[in-house]
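Trainee: I would like to learn how to read a helix pair. Could you take me through one?

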Amino acid sequence: MNLTELEELGLKNVGEVFHNLSYDELIQHELDKGECRMTKSGATAVDTGIFTGRSPKDKYFVNADPSNKYIAWGDVNQKVDAAVFAELLEVARKELSNKDLYVTDVFCGSSPASKRSVRFVSEIAWQSHFVKNMFIRPTSSELEVFQQDFTVLNACKAVNDKYKEHGLHSEVFVMFDVENNIAIIGGTWYGGEMKKGIFSMMNYWLPLEGKLPMHCSANVGENGDTALFFGLSGTGKTTLSTDPKRRLIGDDEHGWDNHGVFNFEGGCYAKVINLDEKSEPEIYHAIRKGALLENVVLSEEGEVDYEDGSKTENTRVSYPIEHIENHEPTLGAGHPENIIFLTADAFGVLPPVSKLTKEQAMYYFLSGYTAKVAGTERGITEPVATFSACFGEAFLPLHPTVYARLLGEKIDQHDVHVYLVNTGWTGGGYGVGKRMSIKDTRACINAILDGSIKKSEFHTTTTFRLEVPTTLGDINPDILNPRNAWADKAEFEKVRDKLASMFIENFKKYETDDHEFDYATAGPKL
């Protein structure tokens, strides 16, 4: 590439530029520089240092016109002054000057009408590898005419010594200058910052064009019927969308424009803690040459111990989507027929499957509910409710209702069926009931996707007022209505009302004077 382009970014005395290296070249660089180790399966494995996850408290947007009129400022989207950004941009430039650099050009978004071109600059070979895995790899002819819309300078070795003076959270900085189309990263080596940073930017750009960005997985059937799977971590989003009978469009980030659904990414980023070949064969076999493991424990011989979470429970692998045999090569498909909201309800209150009205879909989308089992502290058995707007609040630069409004319009426009599926507990909460069997959950998903659920008779539950089927295939009818699955009915009603009150309390933040989002009536009623 032309060194002038890097000089225009403020980088000085750049050494050798490794521009869009092949996988073979990147792997050789990683091994030669001692950044990674080779595993027995042919994947490389890296340790990301003290940061084994994102640093959400260190993420900032420059407070500038006109983007500051659109961004929903608060805990998720923190302001930084343009002068502070300029100072830290110089810190990043200084770190990346006088160095050999890796430059990687990629697309985010497989839809020609909606994609963005992104250039990543780093001094670390494995970070270039990560980006190559996670985004869409341009063809050689596309690279010849590549013009970036956005640039990321990853100066992970640099830190902000003046963070207290700047009024920031720590010496780590992940910052976005929307007006000048540039982001800077310092102080953290974690690869996921690059992935989720561009996801945040897509969540800014697309709604302003009337397009819906989504934190969901997607697949497509033989007849071209598309399904979307929304859900927070631990709800089964990746597992349930990886289906041998359906082609995987993608496992995490998608857009929905006038042409249909499209993947933002060209790869997958899967958790591998306790991964085993029998339960998740597709992911297990995707971990081969080209895949990049993060923070796993390796034997001397390069054998991975997937059960060892001593470095972190958030062990991960990134790999190109081509490593999944049954993937959709275009990374896109038509408008969805079905949307599935996944929740792992550890209270054991929600039904295994419910049919939602459009109003209920808006309510549960804005609620973004799951309930996790409490941490490993002794004596704590009480489930913890989690509400994350649109199933991805941490990545939404705009107000959640912007995304909900777009979802509602698209549900109406394309006559989409929406379902709520509980992959959590039945017959009692955590410690009393049992986890919903994967067999029953799969049966619910299959009935939605093949349309057989529409032949069921439905009845409405009390309090949550959800439409649940009275019978569905071979599933025990008592499980379909959660109250029937509990031995102690009085205890069920007590726990149900407790969860309902949590939903009601959480939703109050969306109730506005203009009644534009008067969807509280679609939620539970005490």
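Mentor: Gladly. Helix 2 (residues 23–32) and helix 4 (residues 125–134) pack at about 150°, their axes 8 Å apart. Helices here are DSSP runs of H or I with at least four residues, and strands are E runs of at least two, numbered from the N terminus. Axes are lines fitted to C-alpha atoms, for helices over the stretch in contact, and angles run from 0 to 180 degrees between N-to-C directions. This is a predicted model, where local features need pLDDT of at least 70 and side-chain atom pairs 80 or more, while totals for chains, interfaces and linings use all residues. Residues are numbered from 1 along each chain as its sequence is written, and side-chain values use heavy atoms, without hydrogens and water.

Trainee: How are helix 2 and helix 4 oriented to each other?

Mentor: Angles under 35 degrees count as roughly parallel, over 145 as roughly antiparallel, 65 to 115 as roughly perpendicular and the rest as oblique. Helix 2 and helix 4 are therefore roughly antiparallel.

Trainee: Which residues of helix 2 and helix 4 meet?

Mentor: Contact means heavy atoms within 4.5 Å. From helix 2 come Tyr23, Leu26, Ile27, His29 and Glu30, which meet Ala125, Trp126, Ser128, His129, Lys132 and Asn133 of helix 4.

Trainee: And is Asn98 buried or exposed?

Mentor: Buried means under 20% relative accessible area, exposed over 50%, partly exposed in between (1.4 Å probe, protein chains only). Asn98 has 53% relative accessibility, so this residue counts as exposed. Leu331, at 9%, counts as buried. Phi is positive, near 60°, in Asn98 and also near 60° in Leu331.
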